[in-house]
Amino acid sequence: MARKQHIAIFTTASLPWMTGTAVNPLFRAAYLAKNHEREVTLVIPWLSLKDQTLVYPNKITFCSLEEHEAYVYWWLKEKADILSEFRIAFYPGKFSKDKRSILPVGDITEMIPDEVAEIAILEEPEHLTWYHHGRRWKTKFQRVIGVVHTNYLEYVKREKNGQIQAFLLKYVNSWVIQIYCHKVVRLSAATQDLPRSIICNVHGVNPKFLEVGITRHQLRQGAQTAFSKGVYFIGKMIWSKGYTELLQLLSEHQNEFSDLQVDLHGNGEDFDEIQDSFSKLTLDVRIYSGRDHVDPLFHEYKVFVNPSTTDVVCTTTAEALAMGKIVICANHPSNEFFKQFPNCHMYNTSHEFVKLTLEALAEEPVPLTDDLRHALSWEAATERFVEAAELNEVFQEKALPSAKPFMLMSTDEWMKRLEEASAYLHNTVSGIEAARCAFGAIPQTLLPDEQLWKELGLGFPEQKQCFRR
């Protein structure tokens, strides 16, 4: 029998937080493990109860790892009809209110035993390595693949002193990825150029969305009304997720949209501000709390508008196309993958946005072909990922020869020596509490605190051991 690959997928979020870095790595794990050729472990953050209440919606919390693990498997079966074919492991994490994200605590490479540390997939590699202190990823694993989800530079530019922060962050991202990743997959050209990177959309949609699209098409074939509602947008309710752009577009063209009703769905920290701002328009804009995009509430909408330019590849745009809707989005690198879909209409100016939106309301969506439906699926996304990440290739890094005069070193040897020195520098700096905090780390996260050790079932701290499930 052929030996199975061991793959560990580390990600920066977990269900029930319905964010892209929770959902997409979960599907990647499920589909990579589907043909039983690979042993896959999904490594997700564990948060203490205090942080859970800040992050997870609908007051969902977990008292134990087993409870959280069971929820993830349940969601995958309930929401996507997929049975688990992979293992789940947890690493200690803490929620940063400033960054609105979860950051690793301690050396999370320890969550995978050395004997199965073959391939690591880092979902958001820069995020996972900014403050990494411990074993070098490339030393622990034979192959390290980064998948860049987030356009951090665009988010940072919108903050105070954003241009300066973005300039510094650009070089920090390149530095840590050069040190820790053998190869990087960028979902679109909306992300910064990075060492050893390739552009490829390796995400798909929950198969339930494709089922909705087929059902809507069957209704139309039976001469029934498939889409009885007009325009909507769904997204986390923070200004940077497209609401700033949408407010500007609607406010500039209130006369043209005087008969238009727009429904906005989402939850988030800026909900009240967004609701207040849109209520000042003369248009009929209705704001609702968020819910799963596959909910029957969304099935009858015909037109999905998404003016966001901070996404890398927008999951909700892919889901809307899968459901057979017309999508109006910006002509932006993040939307390049969607240009192949006849129902995706892109605008360059606000006047084009008006024209395309009004035309979309008066026309019918084009039925998806089998090839386009497949392109949106996780089966196709997994095929693209295996090829882009070169998972079927065999890699063996040559060990550097010991003590060799620097004048006799080859260029490759020079580069590897320089990279190792750079990794040593990063490891040194990341181990200094003052330096960590100066660069934005959560204080006292060099090692898990006693509560996290206890919840993860690890000895504190002298008897610590690898945790795996």
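Which residues in α1 meet which residues in α14? Asn24, Phe27, Arg28, Tyr31 and Leu32 in α1 meet Trp378, Glu379, Thr382, Phe385 and Val386 in α14, where contact means heavy atoms within 4.5 Å. This is a predicted model, in which local features need pLDDT of at least 70 and side-chain atom pairs count only at pLDDT 80 or more, while totals for chains, interfaces and linings use all residues. Residues are numbered from 1 along each chain as its sequence is written, and side-chain values use heavy atoms, with hydrogens and water left out.

**Helix α1 and its partners**

- The axes of helix α1 (residues 20-32) and helix α14 (residues 378-388) come within 10 Å and cross at roughly 80°; axes are lines fitted to C-alpha atoms, for helices over the stretch in contact, with angles from 0 to 180 degrees between N-to-C directions.
- Helices here are DSSP runs (H or I, at least four residues), as are strands (E, at least two), numbered from the N terminus.
- α1 and α14 are therefore roughly perpendicular to each other (65 to 115 degrees; under 35 counts as roughly parallel, over 145 as roughly antiparallel, and the rest as oblique).
- The residues of the α1 contact with α14 divide into six nonpolar, two polar and two charged (Ala, Val, Leu, Ile, Met, Phe, Trp, Tyr, Cys and Pro count as nonpolar, Asp, Glu, Lys and Arg as charged, and the others, Gly among them, as polar).
- With helix α3 (residues 65-80), the axis of α1 comes within 12 Å and crosses at roughly 85°, which makes α1 roughly perpendicular to α3.
- Val23, Leu26, Phe27 and Ala30 of α1 make this contact with Val72, Trp75, Leu76 and Ala80 of α3; by class, the contact of α1 with α3 has eight nonpolar, no polar and no charged residues.

**Helices α9 and α10**

- The axes of helix α9 (residues 243-252) and helix α10 (residues 271-279) come within 11 Å and cross at roughly 10°, so α9 and α10 are roughly parallel to each other.
- Tyr243, Leu246, Leu247 and Leu250 of α9 make the contact with Ile274, Ser277 and Phe278 of α10; six are nonpolar, one is polar and none is charged.

**Backbone points to check out**

- Most residues other than glycine have a negative phi, and most peptide bonds are trans.
- His36, in the loop between α1 and β2 (38-46), has a positive phi of about 65° although it is not a glycine.
- The peptide bond from Leu15 to Pro16 is cis, with omega near 10°, and Pro16 sits in the loop between β1 (5-10) and α1.
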